[in-house]
Amino acid sequence: MSSSRVIKSFRQLLNESKEQSRRRLVIEQIISAMSLGVNLSPLFADMVKAAQTTDLVQKKMIYLYICKYAEENKELLILSTGTFQRDCQSQDPLVRGLSLRSMSSLMNKELVEYMAREIKKGLMDRSNYVRRIAVLATVKLFRVSPELVLDTEIEKKLYSMIAEVDPYVSINSVVALNEILASKGGISITQKIIIHLLKRFHEFTHWGQSIVLGLVANYAPQSEQECLQILNLLDNYLKSGNTSVILSVSKVFINLINDLPNLRNQIYDRIKNPLITLVSCSGDEMAYPVLKHIYLIATQLPNLFANEASRFFIKGSDPTYLQEIKIDILCEIVNKQNFKQIIFALASYVINSSLNEHISSYCIRAIGKIASQLSSYFDMVIDYLMEFIELDIPHIVEASMIILKDVIRLFPEQSLEIVLPELKRLSEIIHTEEAKVSLIWILGEYGEKIDEGPYILEKFVETFSEESSEKIKLELLTSVLKMFFKRPPESKKMLGVILHEATENSNEPDVIDRGLFYYRLIFTDINKTKSIVLSEKENFTRFTENDPLELFEILMDEFNTFSVVYKKPYEQFKRIIHKNEEEEEEEDDDSSTDSSSFSEEELLDQIQQNVNGLDINQQNQSQSQNQQNSQEEQEIELEPKFNLEPSEFQNKWMNSSHNLNFDFELDEELDKDSFEEILKENNFQVMASGLIQSTIKIFCYGKDISNNQIGLFQLLITGVNVKLNAKGTNPQFLKLFAEYIATVLTE
């Protein structure tokens, strides 16, 4: 979209706007237009000039603009260095921090000397806030110019800042050192650092605690006594309400097992209950990775969770991915004591109409897997499978057919008598590829034992040319050849037909190759062909995919990572992640050049409407100021029975023109119900509320009677700390609303 008129309009508005309120509005509209995809880089010099302001809100938006268009204005970028340097010397730590963060985000090699100088000053700043930003800025500087970080005193300074009193500075230093020294394996973990961080562990946020636990997991204790001290110190944090902390502590405990082999069972028992509790108390998305970690442990220690089988029974409200992993866990923890409980639960899921077809089939596969693990209960398993087949429900019959093939492979003598009489009926009702392949395989291996065996195969041969599945054709070729050597009279003609179809009329290369291979093999030496095709097979009792010992060891080393969720080592999926990140970056680059869905005229109209919509005109400035003062003196009185529909609330929330963030502290901690009661007593209407781990989240709203203003609020309450996000159409009333709700909750 051509943006020359838009740029001209913005430039004019910037030059004409002398008072702060009007200029802030103009800059807001510039940022808004920028987010719509309009290329506003020609305004770069004007925006740098506008950065000479004491208004922190304007400064934030201007720095956002500069970071966005810095790459396109490399020649003009030097103009901004003076502004950044002046702001880095400001008396206000918020301004110093903002300037340092924005300057380090430019990632421009021509500015690295300026960046390095200000970062070094920032590391020595008297403000904790500025030092926090300066520590993270070293990582950005390292990415642009590694030598300026590694060849100076910055690395040593970061190590010394781990001992900072401010916990955020301390943790940021650990994170920065891990990034900077990644090629050397990350931060050098010493006993002194570990002891210092563990002593201050309670001061850190959940994120900070997870970072520290990552270091502890890679630390090699000097003695058994030190191992026990670490276990005792971290034991209470298994009761944390944060998933990351509990999994990180679990990883530390598991890693210490190598140093304390005699405590192996006790350590696993200690982490068992917190993991199970975490599943019940977390949302579905958080429960899933925890269940994946439980499954990993259960593959090698099934008895650990054997007595907790009922905790892994699926619910109708569980999403499919949770139901699957719970079924997988049940398969791993089954033993002689809980077998009947688990097998009955799985069988009930198969016929439960409230569950989808995929889960029914998944349960049948699980029952087949259990049969391979507990052969002494084979009779009960085969009875269940045959009962499923008699239900004549297509997806259940087909899933049972697939599992019957594996059951026959494991227990041919016990199962053939029961299964073979059903093959003719099954051949008429199964339709999926995998089920047909299983049936054809059984007919090829054991079909000669029933009178109808060759004739069932013949029906498949008659439709060979119409069959679209290559797998079915390949399996049919092999099974017909086996049947020919077992019952030649009934199969001779059928073999000729299928070889002719495969070699002359097929379009699939693999089918043609196999047909020609069998044809040439037969005519070369039919006796040798028979000995090859009907060669004896060794008996086995377990499928190799059920013995992932090597994979288990790798995944345990990568505990509390995506490797456990994906069930594969990081090396196998890291390239995919990096490739996807590159593709996303390319998409972002493409999207930034796409034209906006708004036309130029619509955008200009929108800008003018927004500018004219507020009474900050130069001609009636005094009148507006008086109006603002009068509004500030007013008290809020909310309408008692005002009501908004959820859709109205969502629409107003998404489209509100003004936003205000307001933080305050309570005198004491309250529960969710108490907060709702207080709000309702003061005529605030609660739209929705919930508890996310230890944080209470409440959406509410209210309408002021005298001024007809509506305020929408989101409250995030953790302990006595409250974060309030207010939205509405009038910034002055938003401030009044925010102060009023803070007063209500703190009285």
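**Close-up views of a predicted model**

The structure holds zero disulfides (a disulfide is a pair of cysteine sulfur atoms within 2.5 Å). This is a predicted model: local features need pLDDT of at least 70, side-chain atom pairs count only at pLDDT 80 or more, and totals for chains, interfaces and linings use all residues. Residues are numbered from 1 along each chain as its sequence is written, and side-chain values use heavy atoms, leaving out hydrogens and water.

**View 1. Cys-363 and its closest cysteine sulfur.** Cys-363 is buried, at 0% relative accessible area. Buried means under 20%, exposed over 50%, and partly exposed in between (1.4 Å probe, protein chains only).

**View 2. Tyr-63 with Phe-84, a tilted pair.** The structure holds 23 aromatic pairs. Rings of Phe, Tyr and Trp (its six-membered ring) pair if their centres lie within 6.5 Å; planes under 30 degrees apart count as stacked, over 60 as edge-to-face and the rest as tilted. Here the centres are 4.8 Å apart, with 35 degrees between the planes. Both Tyr-63 and Phe-84 are buried.

**View 3. Phe-339 with Tyr-377, a stacked pair.** The ring centres are 4.2 Å apart and the planes meet at 25 degrees, so the pair is stacked. Phe-339 is buried, at 0% relative accessible area.

**View 4. Lys-473 over the face of Phe-464.** Lys-473 lies 5.4 Å from the ring centre. A charge sits over a ring if NZ of Lys or CZ of Arg is within 6 Å of the ring centre and within 35 degrees of the ring normal.
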